[in-house]
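Subject: Structure handover

Hello,

Here is the structure for your files. My notes on it follow below.

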Amino acid sequence: MLTRDVRDARATHDVDLATLEAGLDALEQAEPTTSRRARLWAATWPKLVAVGLVLLFWQVVVWTGWKPQWVLPGPAKVFSRLWDDLVHGTLLDATWVTLRRAFSDFAIALVIGVVLGIAVARSRILRSAIGSMVTGLQTMPSIAWFPLAIVLFQPSETAVLFVVILGAAPSIANGIVAGVDHTPPVLVRAGRVLGATGFASIRHVMLPAALPSFVSGLKQGWAFAWRSLMAGEIIAVIAHANSLGVRLDTARQNFDNEGLMATMIVIFVIGVVIDALIFGKLETAVRRRYGLVDAAADA
């Protein structure tokens, strides 16, 4: 039997601990002192200033007469053409065709990259056999695969898919391999003690620990996939479909430099938006989950 004093001391200790935990929870969940509008403006104005400086530099170069304006048109002409193409032209349809290809092909590359990454990370034989080959595939320029892809599949959707997979899947796989390699052994041993062996160890221990590296691999894989797709659409017209790459090549052939630069702006904006709304949010969520949030992530 515990004496009354011991019981009272333990009860007081439990109350103090509960109070401390409640205080820490309240501190973590406290709302920032700044409003959402202020935080949005703080994250937006540097980007607006950067865009303004780029446009000013562009206009100054045009004013210098370095190139004739039919070769290098100014921002006003290009953005006027961009608006006309969006409202009255086929730019929106071309954008939709390219985005549909990008997301569908990247989804297939994602599945292949995840399976390949897990297999290489968990099998010493596979790592020894093809681990360096995966890295080698990642370093090859995507454009180098297109002659072979056209020979094998003709100018088709399959040819573009082939090159997108070869561009994106190795980056995704290497992200998983790097994350698994940097998983602390103590986590693996703890999971084994708790009964997480085999696939359960991969599912509940290694993949969560590899998540930061996996997200980095996803971002890099998307960048490779996007560049591969653009190269494929420029090289070959697929199924007679209008796309952003086809618009680029058509504008080049017709010396339509305003249309060329307007399409380039759309391609750039798509890349920035997808990175900010998808991969940027995903990376911030992972950082918060692992306690790695900093000022850049909050922005």
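The charged end of Lys67 lies over the ring of Trp66, 5.2 Å from the ring centre. Arg227 does likewise with Phe224: its charged end sits over that ring, 4.9 Å from the centre. Here, a charge sits over a ring if NZ of Lys or CZ of Arg is within 6 Å of the ring centre and within 35 degrees of the ring normal.

Some ground rules. This is a predicted model: local features need pLDDT of at least 70, side-chain atom pairs count only at pLDDT 80 or more, and totals for chains, interfaces and linings use all residues. Residues are numbered from 1 along each chain as its sequence is written, and side-chain values use heavy atoms, with hydrogens and water left out.

Now the ring pairs. The structure holds eight aromatic pairs. Rings of Phe, Tyr and Trp (its six-membered ring) pair if their centres lie within 6.5 Å; planes under 30 degrees apart are stacked, over 60 edge-to-face, and the rest tilted. One of the pairs is Phe106 with Trp222, edge-to-face at 5.5 Å centre to centre, with 90° between the planes. This pair links distant parts of the chain: Phe106 is in helix H4 (residues 91–122) and Trp222 in helix H10 (residues 211–235), 116 residues apart. Helices are DSSP runs (H or I, at least four residues), numbered from the N terminus.

Both partners are buried (under 20% relative accessible area, 1.4 Å probe, protein chains only). Phe106 has 9%. Trp222 has 7%.

Phe106 also pairs with Phe279. The centres are 6.3 Å apart and the planes at 90°, so this pair is edge-to-face. It too links distant parts of the chain: Phe279 is in helix H12 (residues 257–289), 173 residues from Phe106. Phe279 is buried, at 6% relative accessibility. Ring pairs join Phe103, Phe106, Trp222, Trp226 and Phe279 into a cluster.

Last, helix H5 (residues 124–139). H5 has a kink of about 50°, centred on Ile130. The bend is the angle between axes fitted to the seven residues ending there and the seven starting there. Gly131, Val134 and Gln138 are buried in H5. The cover over the buried residues of H5 includes H4, helix H7 (157–181) and H10.

Best wishes

Definitions and conventions. Helices (H or I, at least four residues) and strands (E, at least two) are DSSP runs, numbered from the N terminus. Buried means under 20% relative accessible area, exposed over 50%, partly exposed in between (1.4 Å probe, protein chains only). Contact means heavy atoms within 4.5 Å.
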